[in-house]
Amino acid sequence: MLPLSSYLIDSHCHFDFPQLDTIRDDSLARAHQLGIRQWVVPGVTAASWARIESSMAAYEGVFPAWGLHPYFIDQHQPEHLELLAAQLRRHPAVAVGEFGLDRMLSGELHWQQQLFYCEHQLQLAQQLQLPVILHVRKAHSDMLALLRRYPLPRAGVLHAFSGSHEEAKRYLALGFSFGVGGSISYERATRTREVFRQLPLQSLLLETDAPDMPLSGYQGQPNRLERLHQVLMLLAELRQLPPDVVAQQVTANTRALFALPPPSACPEAGKDTD
Ligand SMILES: [Zn+2]
């Protein structure tokens with residue numbers, strides 16, 4: 001396999017999750033060999049932020065986002081929003097997230113809480129002029145309505161986007177990007193594959209969501225950092241473009257969205273051209 005001329009950035013990786021503890025270093029070494037050099041690591045609960053700070057201290061190339069994820073609504077308290085505002089001001093983050101709306105999680109009370117935390121986090125992104133990392137399932141019309149209410153200066157990314165092409169176009173009009181992950185490895189994901197085949201390449205970012213969202217063939221195992229390269233190859237095949245062309249564009253997209261610096265020199269990954 002020819003080495004890529006561009007390094008890769010994982011735009012969404014739960015690098016700090018305990019499920020990676022036993023495989024993190026091995027997986028990271030493999031990822032490095034494949035040219036993966038930076039990770040955007042979104043927070044999910046107030047308790048997760050300290051874990052991400054430890055990852056940042058221990059590893060190169062880890063860039064944090066701070067947020068409160070709808071999956072963990074039972075762990076959130078309204079005062080965590082104040083802590084989040086303080087965290088975002090104190091510890092430079094590349095985005096607010098991950099947060100969002102998920103209609104697959106049940107109950108009216110749950111939904112009202114989701115809306116409460118989502119609106120507050122959109123307001124924070126607005127005030128601090130940060131992009132957002134959004135988790136949205138079966139709730140695109142709700143999210144698009146909120147985004148019209150709270151227009152964001154820097155938009156953000158729809159992580160693991162699985163909506164329709166029509167929905168994608170509405171986010172695109174607001175300046176959003178889309179996270180492409182392991183879902184495109186599944187033959188049955190026809191609609192998602194088609195959406196990612198058609199959207200402008202300038203709007204796509206690569207992500208693993210590791211240890212979540214394993215690729216086809218690896219179900220039941222924690223997803224690994226090095227699989228980002230496989231996502232790149234699948235996307236290149238889908239777009240019928242050379243992997244190098246796709247790599248250069250998605251890395252440029254990710255750098256621009258999160259205002260990331262170039263990676264620091266690393267002997268394994270060869271030269272940096274920028
Ligand atoms: Zn995530």
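Modeller: Buried means under 20% relative accessible area. This is a predicted model.

Biologist: Is alanine 155 buried or exposed?

Modeller: Alanine 155 is found in the loop between H5 and strand S6 (156–159). Its phi is near 50°, a positive value in a residue other than glycine. The relative accessibility of alanine 155 is 4%, so this residue counts as buried.

Biologist: Helices H5 and H6 pack at what angle?

Modeller: H5 covers residues 140–149 and H6 covers residues 165–173. Their axes are 11 Å apart, and the angle is about 15°.

Biologist: Why is H5 roughly parallel to H6?

Modeller: Angles under 35 degrees count as roughly parallel. The packing angle is about 15°. That is why H5 is described, relative to H6, as roughly parallel.

Biologist: Which residues of H6 make the contact with H5?

Modeller: The crossing of H5 and H6 is left-handed. From H5, the contact uses His140, Met143, Leu144, Leu147 and Arg148. By class, the contact has four nonpolar, one polar and three charged residues. The H6 side is made by Glu167, Arg170 and Tyr171.

Biologist: Where is phenylalanine 17, and which residues does it contact?

Modeller: Phenylalanine 17 sits in the loop between strand S1 (8–10) and helix H1 (24–33). At 9% relative accessibility, phenylalanine 17 counts as buried. Leaving aside neighbours within four places in sequence, phenylalanine 17 is in contact with Arg24, Val44, Arg51, Pro211 and Asp212.

Biologist: What kind of peptide bond joins alanine 210 and proline 211?

Modeller: Proline 211 is found in the loop between strand S8 (204–206) and helix H8 (227–239). Omega for the bond from alanine 210 to proline 211 is about 5°. The bond is cis.

Biologist: Which residues does glutamine 87 touch, not counting residues up to four places away in sequence?

Modeller: Glutamine 87 lies in helix H3 (residues 78–90). Its relative accessibility is 5%, so glutamine 87 counts as buried. Glutamine 87 touches Trp49, Glu53 and Trp66.

Biologist: How many disulfides does a search of the whole structure find?

Modeller: Cysteine 13 counts as buried at 0% relative accessibility. Cysteine 118 counts as buried at 0% relative accessibility too. A disulfide needs cysteine sulfur atoms within 2.5 Å. The number of disulfides found is zero.

Terms used. Residues numbered from 1 in each chain as written. Predicted model: local features only at pLDDT ≥ 70, side-chain atom pairs only at ≥ 80, totals over all residues. Heavy atoms only, no water. Axes fitted to C-alpha atoms, helices over the stretch in contact; angles between N-to-C directions. Helix = DSSP H or I, 4+ residues; strand = E, 2+ residues; numbered from the N terminus. Parallel < 35°, antiparallel > 145°, perpendicular 65-115°, else oblique. Left-handed = near helix turned anticlockwise from the far one by under 90°. Contact = heavy atoms within 4.5 Å. Nonpolar A, V, L, I, M, F, W, Y, C, P; charged D, E, K, R; others polar. Buried < 20%, exposed > 50% of the residue type's maximum accessible area, 1.4 Å probe, protein only.
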